[in-house]
2 protein chains.
Amino acid sequence: MALTIDFNLATRAQVGPAGLERTDFAGLSASLTQALDALDHAHERGALQFMRLPQDTAAAQAAIVLGKQLARDFDELVVLGIGGSSLGGKALFAALSHPLHNLVTRKQRSGGTRLFFPDNSDPSTFAALLDHLDLSRTAFAAITKSGGTAETWAQLLEIHRRLGAEAAKRQIVAITDPTKGALRSVAQEHGWATLPVPPAVGGRFSVLTAVGTLPLAAAGVDVAGILAGAGAMAERCRTRSLEQNPAAMLAAALFLFDTRRQRPLHVLMPYADALRETGDWFVQLWAESLGKKKGTGFVGPTPLRAVGATDQHSILQLLMEGPQDKVTVFIAAAAPRVDLTIPKGFESQPDVRYLGGHTMHGLLSAEQQATSAALAAAGRPSLTIRIPKLDPFSLGELIMLWEVATGIAGTLYGIDPYDQPGVEAGKRYTCGLLGRPGYEEAKAELDARPKPSPDWIL
Amino acid sequence: MALTIDFNLATRAQVGPAGLERTDFAGLSASLTQALDALDHAHERGALQFMRLPQDTAAAQAAIVLGKQLARDFDELVVLGIGGSSLGGKALFAALSHPLHNLVTRKQRSGGTRLFFPDNSDPSTFAALLDHLDLSRTAFAAITKSGGTAETWAQLLEIHRRLGAEAAKRQIVAITDPTKGALRSVAQEHGWATLPVPPAVGGRFSVLTAVGTLPLAAAGVDVAGILAGAGAMAERCRTRSLEQNPAAMLAAALFLFDTRRQRPLHVLMPYADALRETGDWFVQLWAESLGKKKGTGFVGPTPLRAVGATDQHSILQLLMEGPQDKVTVFIAAAAPRVDLTIPKGFESQPDVRYLGGHTMHGLLSAEQQATSAALAAAGRPSLTIRIPKLDPFSLGELIMLWEVATGIAGTLYGIDPYDQPGVEAGKRYTCGLLGRPGYEEAKAELDARPKPSPDWIL
């Protein structure tokens, strides 16, 4: 069984004027075809682009082999990476490993290493992690596509100091551009193991390269299963029959909600704890790809992530009765990995009695169904992505679905979904503040800013 | 030293037309005074309301004593609670305990229990947790203010079945309304220990009651320090001199950005891993309190949470170059709890050389300063909450600041910030789907909804 997307609760027939009709989509068909052509042309130019990663079995095999070797030689793997070098691996690790992976026995974690993602330049968490680990039993995956990410180098310098140059050769794997950048140079010079990130694959689209597959393989996750699901979805998303193309329909629906229904807030709400980090991955993908300057204006939806049923007790009130500016994308799994039957008990209490005999997954599913119906009854649209089960194949489908949808949405919005020019200003200022040679102008710009007034501080 | 709020980068002098001026605030002074009066009147009616919780030393002491007793008698504490019964405790636990609390030795976790918050009706995570724990060494805090929360009862029924009635008396603590509701009845009938949640304190304002203080005390967190900070902030927030009142100014600024500057998206972005869950707590507080029906319309800002520097590699592109609909609230700590000096190394690489010799906290601080300056230079406003250090006192201040600001914002928006009527429809439908007696009408409503069309599923 494959992943499906149910658009019913996004339609006019179900939610009234906020909903979409076939005619809304019809107006987009030329753009959608152009978007699919653009994805194909990227292949044809010979660059290995994200949709083709599932076919790059040699690269996958190299990462899996090295990951399994790390699992044999070490107890812990620490990923030094941030943003696109961390979020995808973190998401699939959370989705597919034991919920208490780092606490349970090696057997319970399928023979894998423990896995940590200290994805910040925060010394409190980083120092605590290093003090806890037995460094002689720990491998490090240093991941930066460009090779020059400040946060990652700050961590790597400290790790290198603690390990020493000889141990570093055995314990550090560098995952970076195949030919360029500081990490590639240093790794080659110092004899560290390396794996490449294909140059045409952007950081936030890189989870199916060694960026994600090496840590996942080390932790015992079934990488081949993920790639099989991703490959199947990539195939489904190549059809020009738009009504059969899940990524085209998903991108089109969300684009229409933003630009034709004044609903620029896109809430991803899986009903599964395991998909919490997948929400964080989605937020980066959608926000960084589509939030762009366009001419003299600015475009792009704002992604939010929630988790059901937990966040029924948090943002649901706002989704139900706040401004009419949101569309929710639910993710529901038909079958749980594990289920529990809620025991009967305390039957004199009406608030308790009705629960006994249902399963916990049944309660969770009823809550998802009830929440989407309540939104619909209030005229508020949603989509539901259904997967048969939270397994590697389904997660591969889900990842590829959103990546292709993002590429297509870029064409619909008329922007480049693969760049991120807006983050450069902050990087320049950081370098200026740290006194990096060549960034004197940035520092001067900062110094020339209006002085803060003490009257506005309390 | 106390928490401060710096409004400079939210002003017209710094960011141009998107910024605020004194005159914007002046128009709100009558409403702000009315809001502060309303908070005071709540006290005067005799109900113990959230601003007075720091003074309720007897309640705090009872929770601390019982929490410490649990720490003596058990290795693990599991909180059965969802939404307001979980988010606050989770936030302060993450902010103030060892970053790897559940992995390290008891000594490293200040003598506290390990602490788990399975805050969902997701059987995969709940079953995995129960299978991992030695139940004879585990205490359970069942927390539901109303006493009737479905997700919590589903968990509690399973726990009670596994423990048996006798062990339950020693191992379950019920935290609920002092007189009403299913949990109060069951706890009294079956001899479970109980602690009260003051009836006038809403769930999302309850972290400084036993809802938060019992689990925190058990885990070894300094609850008295948190309450001292919260009490100090509550005092600061009582002044009618609005320019000196941090909660009034915070609420007013964010209200003005939403309603006068078309910036309804409020992004809380602490530069500290430890405050990630504080962001989740803020999202519930702000969204559920302020997202409301008002007459025939709908009001309320949409909160987002991000973490710096991590999310500079995620939503920053959207903040910098996406639509002009956001204001960011940074949180920055002046001093780290622990710091690391970045070693020098690989000095032939310009992307690496400038980092050595700085501290990691220095890098993080420069990134926060650079990011807020880059936003300001692009005409995009932000506020910065500064705390001396991530310690119990500062967290207490921060919690109380946002709670009071939420109460005040409710008055500015002209809605009741303490209710959540929008979540009832979903609850009714869930009960209908589960066949709960009395909910036949909800089920009939669901059955009467338009049938989904297979044409809209792919």
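The legends below describe close-up views of a predicted model.

Local features need pLDDT of at least 70 and side-chain atom pairs count only at pLDDT 80 or more, while totals for chains, interfaces and linings use all residues. Residues are numbered from 1 along each chain as its sequence is written, and chains are lettered from A and ligands numbered from 1 in the order in which they are written.

**View 1. Chain A as a whole.**
Chain A holds 19 helices and 12 strands. Here helices (H or I, at least four residues) and strands (E, at least two) are DSSP runs, numbered from the N terminus. Along the principal axes, the C-alpha atoms of chain A fill a box of roughly 65 × 60 × 60 Å. The radius of gyration is taken over C-alpha atoms, and the globule rule is 2.2 Å times the number of residues to the power 0.38. For 458 residues, a compact globule would come out near 23 Å; chain A has 23 Å, which agrees. Of the 458 residues of chain A, 62% count as buried. A residue is buried if 20 or more other C-beta atoms lie within 10 Å of its own, exposed if 12 or fewer, and partly exposed in between, with C-beta atoms placed from the backbone. Among contacts in chain A between residues at least 6 apart in sequence, 76% join residues at least 24 apart. Two residues are in contact if their C-beta atoms, placed from the backbone, lie within 7 Å.

**View 2. The two domains of chain A.**
Domain 1 of chain A covers 4-38 + 234-413, and domain 2 covers 50-226. These bounds come from an automatic or database domain assignment. The C-alpha centres of the two domains lie 30 Å apart. In the contact, 22 residues of domain 1 of chain A meet 22 residues of domain 2 of chain A. On the domain 1 side, α13 (276-290) and α17 (392-413) of chain A are the elements that give two or more residues. The largest share, 9 residues, comes from α13(A). By class, the domain 1 side has 11 nonpolar, 4 polar and 7 charged residues. Ala, Val, Leu, Ile, Met, Phe, Trp, Tyr, Cys and Pro count as nonpolar, Asp, Glu, Lys and Arg as charged, and the others, Gly among them, as polar.

**View 3. The contact between chains A and B.**
Chain B gives 127 residues to the contact, and chain A gives 127 residues. On the chain B side, helix α16 (residues 360-377) of chain B gives the most, with 13 residues. The chain B side divides into 68 nonpolar, 41 polar and 18 charged residues.

**View 4. The mixed sheet of chain B.**
Five strands form an open sheet in the order β1-β12-β11-β7-β10 (chain B), with mixed pairing. Two strands pair if DSSP finds at least two bridges between them. β1 (4-6) and β10 (302-305) of chain B stand at the edges with a single partner strand each, so one side of each is left without a neighbour in the sheet. Neighbouring strands of this sheet are turned by 20° against each other on average, direction ignored. Axes are lines fitted to C-alpha atoms, for helices over the stretch in contact, and angles run from 0 to 180 degrees between N-to-C directions. β1(B) and β12(B) run antiparallel, joined by 3 bridges; Asp6(B) stands opposite Thr384(B) in β12(B). β11(B) and β12(B) pair in the parallel sense over 7 bridges, and Ile331(B) stands opposite Ile385(B) in β12(B). Strand β7 (residues 265-270) of chain B runs parallel to strand β11 (residues 326-335) of chain B, with 6 bridges. His266(B) stands opposite Val327(B) in β11(B). Helix α12 (residues 246-260) of chain B lies across β1, β7, β11 and β12 (382-389) of chain B, at about 30° to β1(B).

**View 5. The parallel sheet of chain B.**
An open sheet of 5 strands has the order β3-β2-β4-β5-β6 (chain B), and the pairing is parallel. β3 (114-116) and β6 (193-196) of chain B are the edge strands, each with a single partner strand, so one side of each is left without a neighbour in the sheet. Strand β2 (residues 76-80) of chain B is joined to strand β4 (residues 138-143) of chain B by 5 bridges. Val79(B) has Ala141(B) as its bridge partner in β4(B). Helix α9 (residues 182-190) of chain B lies across β4, β5 (172-176) and β6 of chain B, running at about 145° to β5(B).

**View 6. Lys292 of chain B.**
Lys292(B) lies in strand β8 (residues 292-294) of chain B. Lys292(B) counts as buried because it has 25 C-beta neighbours inside 10 Å. Leaving aside neighbours within four places in sequence, Lys292(B) is in contact with Glu321(A), Val299(B), Gly300(B) and Ile415(B).
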